[in-house]
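Here is a short report on one protein chain.

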Amino acid sequence: MAREVVVIPVHGMGDTDRDFDQALKREIRDELSNAEWQKVHWQPIYYQPVLQDNQRRVFRDMRRAEELDGIRLRKFLLYSFSDAAGLEHHAASPGSPYEQAQQIIFQALEDAFQSIGGQLKPVVLIAQSLGGQLMSNYIWDAQKAGGARYGVWKNGNPLGHARNTVPDRFHRLKTLRFFITTGCNIPVFVAGFARNRILPVKHNSSGYSFQWFNYFDEDDVLGWPLQPLSPQYRAAVRDVPVNAGGNIWGHLFKSWNLFSHTQYWTDREVIEPVAGYIRSLIP
């Protein structure tokens with residue numbers, strides 16, 4: 001059966017396993033019929049290896065050197081903030097973590113493109129936490145008409161495809177139809193900009209046409225609404241408040257603390273509408 005829609009989950013900050021997407025995959029699959037699921041191509045983007053080896057070394061050395069309290073929280077914060085800092089550090093330098101992460105994104109898109117037979121199929125992008133910033137950067141760079149300053153797009157299509165050819169349009173995510181961010185922390189990255197420079201990626205021009213839904217929990221200090229950033233963000237994004245945590249016990253024991261940040265991808269308030277977005281693209 002032909003694949004009719006490409007679903008791309010992207011993980012967030014923190015110590016992340018390669019199978020990070022499996023719970024989300026099960027939840028989405030359970031919401032779709034067997035016939036619908038057979039038309040979905042699932043293509044996760046796993047960029048954590050860019051930073052994770054050194055993070056593990058630092059964390060191991062810290063534990064050896066000192067008796068530390070709150071070890072689980074310390075580990076979460078060490079990985080999370082070093083992820084955020086590392087992926088933006090020296091972005092213009094060749095071989096930077098910024099560029100390496102974009103190379104991983106591009107290769108995942110090329111793998112998906114080949115798997116669906118080199119056709120322009122609609123894309124649903126589901127990005128958790130730092131993944132929202134990462135994918136926003138990738139789309140921003142891909143949209144630069146004169147070439148990007150950073151990342152894989154500074155010299156045109158990495159595979160040499162001419163602009164607006166079929167593969168180039170797919171690689172630039174011009175078939176993106178739904179951009180879903182959960183626990184997004186883009187405000188952390190743009191807070192140092194002058195207010196009139198806080199602009200979102202183009203969502204309805206330059207060959208792009210997609211809807212952006214941003215799910216956030218008011219108790220999640222790492223997840224933010226995006227509309228207040230600027231009038232342009234207000235026009236581009238729909239913020240959706242949720243109480244991340246899944247079932248009633250999840251709400252009682254997780255929704256009030258930092259770890260609510262990890263609960264979006266099993267929460268019914270997120271899963272049900274996202275499955276609906278995917279279903280709407282299946283002929």
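## A loop serine with positive phi

S129 sits in the loop between β3 and α6. Helices (H or I, at least four residues) and strands (E, at least two) are DSSP runs, numbered from the N terminus. S129 is not a glycine, yet its phi is positive, at about 55°. S129 counts as buried, at 1% relative accessibility. Buried means under 20% relative accessible area, exposed over 50%, and partly exposed in between (1.4 Å probe, protein chains only).

S206 also has a positive phi, near 55°, and is a residue other than glycine. Its place is the loop between α8 and β5 (211-216). S206 counts as partly exposed, because its relative accessibility is 42%.

## Basis of the model

This is a predicted model, in which local features need pLDDT of at least 70, side-chain atom pairs count only at pLDDT 80 or more, and totals for chains, interfaces and linings use all residues. Residues are numbered from 1 along each chain as its sequence is written, and side-chain values use heavy atoms, with hydrogens and water left out.

## The chain overall

The protein chain has eleven helices and six strands. It holds 283 residues, and buried ones make up 52% of them. Contact means heavy atoms within 4.5 Å. Take the contacts in the chain between residues at least 6 apart in sequence: 78% of them join residues at least 24 apart.

## Two nonpolar cores

A nonpolar core is a set of buried Ala, Val, Leu, Ile, Met, Phe, Trp, Tyr and Cys residues joined through side-chain atoms within 4.5 Å. The largest one has 45 residues. Within it, V10, L125, M135, Y138, L173, F179 and W212 touch the most other members. Two or more residues each come from β1 (5-10), α5 (97-115), β3 (123-128), α6 (130-143), β4 (176-182), α8 (186-190) and α9 (231-236). Helix α5 gives the most to this core, with seven residues.

Another core lies apart from the largest one. It has 30 residues, among them V5, V242, Y264 and W265.

Which residues does L173 touch? Leaving out residues up to four places away in sequence, L173 touches L109, V123, L125, M135, Y138, I139 and Y208.

Is α6 enclosed or open? Of its 14 residues, 13 are buried, so α6 is largely enclosed by the rest of the structure. The length of α6 also agrees with expectation: at 1.5 Å a residue, its 14 residues should span 20 Å, and its end C-alpha atoms are 20 Å apart. The expected span of a helix is 1.5 Å times one less than its number of residues.

Two packed helices are described by the angle between their axes and the distance between the axes. The axes of α5 and α6 come within 11 Å and cross at roughly 80°. That makes α5 roughly perpendicular to α6. Axes are lines fitted to C-alpha atoms, for helices over the stretch in contact, and angles run from 0 to 180 degrees between N-to-C directions. Angles under 35 degrees count as roughly parallel, over 145 as roughly antiparallel, 65 to 115 as roughly perpendicular and the rest as oblique. On the α5 side, Y98, A101, Q102, I105, F106 and L109 meet L134, M135, N137, Y138 and D141 of α6. By class, this contact has eight nonpolar, two polar and one charged residues. Here Ala, Val, Leu, Ile, Met, Phe, Trp, Tyr, Cys and Pro count as nonpolar, Asp, Glu, Lys and Arg as charged, and the others, Gly among them, as polar.

D141 is part of helix α6. D141 counts as buried, at 5% relative accessibility. Beyond four places in sequence, D141 touches Y98, Q102, A148, Y150, G151 and W153. D141 and V201 are 60 residues apart in sequence, with 9.2 Å between their C-alpha atoms.

F106 belongs to helix α5. F106 is buried, with a relative accessible area of 6%. Not counting residues up to four places away in sequence, F106 touches Y138, W153, N157, P158, L159 and H171. F106 and N157 are 51 residues apart along the chain, and their C-alpha atoms are separated by 9.6 Å.

## P241 in strand β6

P241 lies in β6 (residues 237-241). P241 is partly exposed, with a relative accessible area of 49%. Residues up to four places away in sequence aside, P241 touches F216 and E269. P241 and W224 are 17 residues apart in sequence and 9.5 Å apart in space, C-alpha to C-alpha.
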